[in-house]
Each structure stands twice: as structure tokens, then as C-alpha cells.
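Please open the model in your viewer and keep the sequence panel beside it.

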Amino acid sequence: MAANMRGLTQFIADIRGARVRELEEKRINKEMANIRKKFKDGNLDGYQKKKYVAKIIFTYILGYKVDIGHLEAVNLISSSKYSEKQIGYLAVTLLMHENSDFLRLVVNSIRKDLDENNEIHNCLALHAIANVGSSEMAEALAEDVHRLLISPTSMTFVKKKAALTLLRLYRKRPEVIPAAEWALRLVSLMDDQDLGVVLCVTSLVMALAQDHPDAYAVCYTKAVDRLHRIVLEHEYSGMYTYYKVPAPWLQVKLLRLLQYYPPTEDITLKNILNETLQTIMTSSAEPSRNVQHNNAQNAVLFEAISLAIHLDTRSPLVDTAAVLLARFISSKETNVRYLGLDTMAHLAARSDTLIPLKKHQGTIILSLRDKDISVRRRALDLLYSMCDIDNSELIVGELLRYLKVADYVLREEMVLKIAILTEKYASSYKWYVDTILQLISAAGDHVGEEVWYRVVQIVTNTEDLQEYAARVVFEYLKTPSAHESLVKVGGYILGEYGHLIANEPGYSPIEQFQALHSKSQFCVAPTRSLLLSTYIKWVNVFPEIKPQLINIFERYRHVLDAELQQRACEYYALACLPDDNEMLQNVCEEMPPFPPRVSGLTSRLNRKMADTEDKRTWIHGGREMNLEQQQITTLVRSKQAELPANESTTASGAADSTTVLTALTGLNLTIPSEVGESGAAPRLTVGPSIDKWYKKLTYSAEGVLYEDVQIQIGIKSRFQGYLGQLAIYFGNKVSAPLTSFTSTVYVSDSEALSATFAKIPANVLAPRTQSQQLLQVECKKVFTSPPILTVSFLAGAHQSISIRLPINVSKFFEGVKFGQADFFERWKLIGGSPRESQGVFPISLDAAGHIDISQNRRIVSGNHFEILEGIDPNPSNIVGAAVLHTSDDGKVGCLLRLEPNREAKLCRLTVRSTSEEVAAEVQRLVEAALRTGIKTMLNTS
């Protein structure tokens, strides 16, 4: 660039040739003055503007303040020449911050470059948006960046830059990105043939899925499919192989993405995931001599282990992972030890048993003294997570010993964790008091207010502990150097419970007073205020030291601090009251027990350890803590769904609200046992024939379910007992392939019905071909809502079709034969309402004026009823019997009577069942099918 501009080349040479800074500044000031004059005179062509702006950029890079050239840079962006446009964009990204007023001038120019068919101009514009990333740019250009990303004509390198630019804008202004609306279209890009595009889009989807998990749920299948194709089918180009590891960064992101969702119930996806994870662990079991290969392999391996732990801690994969982790935490490489300890902490946070981890407890404790501080931090996290009632005293003791020599950056976190573990796993209250006071004494300034607040609360609420706590804290106060936090605890406990030990040798009132008051001169005003409250309590219970206490109140009446002065005046007045006045006794009554409260220590620790970008799917701590955190997160998300977009808050923000103050106000923070299931049903596709096709298939085994100019969907089904199988045929009717082809099934009540595909379908449907997918169905209980099939694909534009599958409760019926006596005996035994459902509806006659008995019989038998002959003397009436098979609730009997009346043109349908739900649902299904038959006859006639 500089070679084509002599002035710039000479300017750079002069700057480099300056021997001292003064000469450099002189040359720069001279050049800036010349540039100002040129800009002021005007009449500069594109080349001259480019040259002068380039000099300004070079000056800025050297670290000098620049206040000219902004408008000329904006003008260069509008140039049609690449070299001028490039300098203009470079100046904008370097010289302008996100709040600069000049940015408003470049938005239209950037939009114009995004709309052009020139890939170079597209990339320059995307670079500028991503680097500046202002709120105004996000609002104005997000739609244009999205359009460039999803455009089928965009080059792969443009798509990659567009995906990362959109990620930058989302992180900057998430509210301007319609994430849920774009979900299906963005996820479809995960099927792109170029793994670079897939990598960038996956990064974007990861950020969006963390905040909109339901909208992006379809990415779960895409991620599993892509992992399967990379790891097992080796579908990748050589350019994405890094030291013999295929696309390691993409594998890591896909494995992390899967952890944002609960473990799948789909058997097919489970099997594919297990096979993939097993392959990754097997191939990574033995390290190689190549460091780069090991790094890439370990990155994938540790993420695979984390996913295995997330899916099922009792699986054989986790047993294999535990063996590998035990080897990694003893590795000579710092990075491997770090990752091994971190992943082992994940296992401890999710596992039902800690026995495999306790085998390596000694190695983990030794890691506290590792030369690398990051390894020491991970060892601390792991010990915190693997602590339980059996090893709590050992681990807390080790942490207390290490606290004295620990790094200052670790001490505050260590104090919180020791306090939490001591409270949670205390074998006795005496051990709790000894440990906490030892902690406060050793940690000093690193003890937060939450720690001693919690000590006071527990001592106050535990009557058996009060005398022991008073004795122990007095012993600590007698030491020459007691920290201020210890003085606070001592002031409160001795003020409330010092009288319990006052009659013992060495614990007299005057000795308590001297031990506590000797420390007050080293304390700040809030602590002295607390001590004054202790003294007024002593005035009430220790009259023998009343003169000394009144003398202190008298002195503090004249201090400058308003709070201390006010307290001293009030307490002095109370202390000087006559002995027969009961006001002092009433004011100084013993503190009542605190109401049950949630500890603020855990929430403080979680806030301290909160992640910023890719959120953890677990927190440090045991299994119970993680279950509680999951409940809180689920509750927060359900509450957010009920709020308008501008009022919703993030899960981390909600967690931040659980502060010490809320913990000490007695608020009820319990989580309801049942939280509504997330995920709304897809919006059904509507059309003139869709409903007709569906209703016909409710009593037919095969037929067309959907058809338009591009695709045809057909069904062939068979059912036996509570199991069923649907062969779904997808036919491509056009001469172009349908890419990013995805099919998913939504079941509203997964506890009543399960529906899973036998295998993941191919993501491309070739021109004028047909593919088949097998759907396995199981009826567990009675259900009323059919599953919904959603098909999405790219055919020029992204298209999505959501239709109901003809799977209803009658599909799991099996016809039963009865004689006349048996039928009526069961009919009477079931009885009427509520186990009877009846409906009367109009019917139409055929052209000859007769009832279409054959159509009625076809509908009844199509609902899997056995038509019983000779039960009803009227040949027009139909009687049927069947048994519903369910895997959980067993068998449910069902009887049916259909009685059409030719003269009245009405039909009465009566269904009786041992289940109220079955009777109502079957009556609705059969009546709907008969009404459809009537409409068909009317249309035909």
C-alpha cells in the first residue's frame, strides 16, 4: 500500500529516522498541520484523501492523539475503488469509537456495501460492523447481516464473517436480534458443506441457544448428526484436520452445545451419542509425542467427558472417563492437570457417588500446592465439590492449613467455601464453632460480612451452643491480635450470652469487659457501634461493672461520628435510669431466634464464579447444590417467559438478587416442586386439504398426509399392542435438491406417548427422489393430542411445514369379539356417566336415500374396533368392542354403539369405557371421522 504512495512512504521513513522523540513529534506536528490545511482547502481527489488518511492512521497507531480526518474517512468508504474504500474502513474502525457521532454518517454506506454483489465490499463492511459494534449499527444493520448470512448466493468466507458479525451484535445488543424468529433458518446452516461455515454458525447458535433454548432445540439433532459424520463416518476435508484430529474446534463447540440441553429421551440419538463419545475416548486414550496433536485431542476429549457426565453419570462411559481423569490429574503437563481437575469437579458436581473420586483425594490435596495458581484454584474447586459428611473434617482441616499460605487472590474464595462446607457438613455444633472462629482468626480481612452474620444466626438459634460459643470466643479475644471480624462476633455473642459463663473462674464480667474493650481502639466506627450495644446489654446483666460502662458512654457522647454519638447518648440515658424502672430490661431483652433463612454464602460464591460468555452448565459444589441451581434456573426461565421482552432479566441477574440482605430478611426462596415444561407446540400449517388428509388417515393405515408443489409426505402405519411404527415417505417433486432437510416430532405429553425416529435422516433430499423414515411409537398412557411433525428444508428460501401425525389413542386398540349376552353384561357393568360419552349429530343419505352403512363400518373398523354381528337387531346400527393397550396403565376396555336414524337424519354415537378419558376421546375421534364422511358425500353429490 505504502509503495504506491510516495508521500506516505517518505513520512514513514522520516518517522523511523527520528533519533529522539522530540524530532518525531516535530515531524508529526508538521505533517498534521499540512494535512489540516489540505483538508480545509478542499478539492482533493480520492488518491490524495487516501494518502492523507493513511498518514493519520499511521500517526494514530504510533500512539498520538488524532482529531482530524474523520469526515474524509467517511467519504472514502463511499468510493468505488477498493484501495480507497479499504483505507476508509480501516480509519473508521481505528479512529471512531462506538459512540462517535460520525458513525451515523457511515451506516448507509455500510448498508450499500452489504447489498452489493461484490464479496470484497461485503467483507469490508462486515469487518467494520464487527469491530465497532455500536448499538446504532446493531439496530440498523442486523437484518442486513442476517440476510447476507442466509443468502444462497453468498460465498463461504462471507457467510463465516456474517455469522461472527451477528454474534458480535448479539452480544452487544441482544434485544435487537429476533433470535427466536431466525432460529430455524440459522440452525439450517449447521448442515452447510463447508465446515468453516458450520464452525462460525455453531458459535452463533451456542450464544443464542443459551438464552433461547426452546427456539433452538432443533440444533440438538443437527449437532449429534454432525458429530456422528465427523467422528464415525469421517466426513471432512483434509484442510480441517489439525495434526490428525478432525475439526477439533468444531467438535468442542458441538459437544459444548449439547450440554446446554437436558439429556435426550430419543433412543436413536442416545445410541449415536454414546457410540460417538466412546470412539472419542478410545482414540484419545493414549497420548502421542506430538504436543499439538495432544492439545487438540485433549480439548475434544475433555469436552466429550463433560458431555458424558451431563448425559448420565451412571453410564459405562463415565466409568471410563473417571479412569482417564485419574491419570490426567497426575500428568506432568500443567494444562492437562488443570483440565483433569476441572472435569473431575464436574463429575463430583453431578455424580451420585463420590467413591471413585475419594480414591485420589491425596493427589488432589497435593495439587493445592502446585506451582501454577490456576491448578491450585481448580484443586480448591474440586475439593469443595467432592466434600461430604464422611470427609468434611479432613478436607476442611486441609483447607484451613493451606489458607495460611494461600495466594491472596484465592483467600476470599477459600473463606466462603470453608464456611459453606463447615455449615453444611458439621458433625457437631462445637466443631462448627471451633472451625469458623479459627477461620475468622486466620483469614482476617478476607472474611466477608456474610460469614460472621451466619455464625451469629446459628448460635442464636441453637440454645445448646450458646454457652460454648461464648467461652470459645472469649478465649480468642484474649489473644494479643484479634481481627475485627472476630471482635464483631465476640461483641454480639458476649453481649447476648456472656452471662452464661460469668460465674466461672477467668470469665468474670470485668474480664469480659477488659478483653473486649481493649480491642475497640483498633476498630472502625460500625464495629464500635456494635460494641456500645454490647455494653448496654451488660449494664442490664452486670450491675457490678456499670460505672465503667457509663464512663464509656459519657466519653462517646462527644465524638464526631454521628452514629456513635447518637448511640452513646441514648445508651447513657438508659443506663442512668433508676433501678426500679423496667425500660432498660425491656430494651435489653435477649434476642429471639432468627426465622429460618437461606444462607447468603452460596449465592455470594455463585455470583463470584459466574461466567461471562459461554455459561457453565453446572456449578462448583455437590449434587444437591446443582439440583437446586437447576430448579432456580428453570423457575427464572419460566418467569421470564411470562414477562415482556423489555422486562425480562437474565438468569445470572436473577441469581445476583439473592444477596446477603435477602438471606437475612426471612424471605421464602423455596422452589415449587413442579415447574411447567418448556417448549411451545409448533404452529400448524393450514391448507384446504390438510385437515381432510389427516382425518382420513385417522381411520386408514396409509395415504397422503401433505402435498404441495415441492414436496409430498405419505404415511404407512402398523400397530400392535402399545407399540406402533410409521413409515413416513418424503418425496421431492422438483428438479433441485432440498438441502438442510430436517424432520422433528413434537409430543405435548412425553409421559403418555413417545415417538422417536429409528435413525437420523439424510440432510439432503435429491431431486425427484423419495426417502423413508421410520418412526417408533409407544403408548404409555391415555393421550388426547396427536404428535406434530415439523419438516424444514432449503429450496431457494427456508421453508417449514408443521402437520399433525395421524396417531391417536384408537390406533392402539385391539378388536375383541363378544357374544350378545357378554356384550350387554359388560355394557351394563360399565354403566353411564362419567364413563359414558354420547353425541348426536346430523347425517346425510346417499343418492338413493339410504344410510351409507359401508362407510360407517369402514370408519369404526378403521379405529380398530371389532364390529360385532348379531348384537343389535337393527341392521343399520353398528356395535363394536376393543381393548386399549398401554405400557404403563395396562389394558382399558371400550365398547361402542352407533345408531343412525334415517327418518330424522341424525346419528347417535355412544361410547363406554372403564376410563373416562378414553370414552370421551374415542367418541370425539369417531364422531369427527363420521362428520368428515358426511361432508365428503355432500361434496361428491
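Begin with an open sheet of 5 strands, which run in the order β3-β4-β5-β8-β7 with antiparallel pairing; strands here are DSSP runs of E of at least two residues, numbered from the N terminus, and two of them pair if DSSP finds at least two bridges between them. Select β3 (702–707) and β7 (753–757), which stand at the edges: each has a single partner strand, so one side of each is left without a neighbour in the sheet. From one strand to the next, the twist averages 25°.

This is a predicted model, in which local features need pLDDT of at least 70 and side-chain atom pairs count only at pLDDT 80 or more, while totals for chains, interfaces and linings use all residues. Residues are numbered from 1 along each chain as its sequence is written, and side-chain values use heavy atoms, with hydrogens and water left out.

Next, select residues 723–732 and 770–779, which are strands β5 and β8, paired in the antiparallel sense over 9 bridges. Within this pair, G731 stands opposite Q770 in β8.

Finally, show the whole protein chain, which holds 39 helices and 16 strands. Of its 941 residues, 50% count as buried, that is, under 20% relative accessible area with a 1.4 Å probe, protein chains only.

Technical notes:
Helices (H or I, at least four residues) and strands (E, at least two) are DSSP runs, numbered from the N terminus. Axes are lines fitted to C-alpha atoms, for helices over the stretch in contact, and angles run from 0 to 180 degrees between N-to-C directions.
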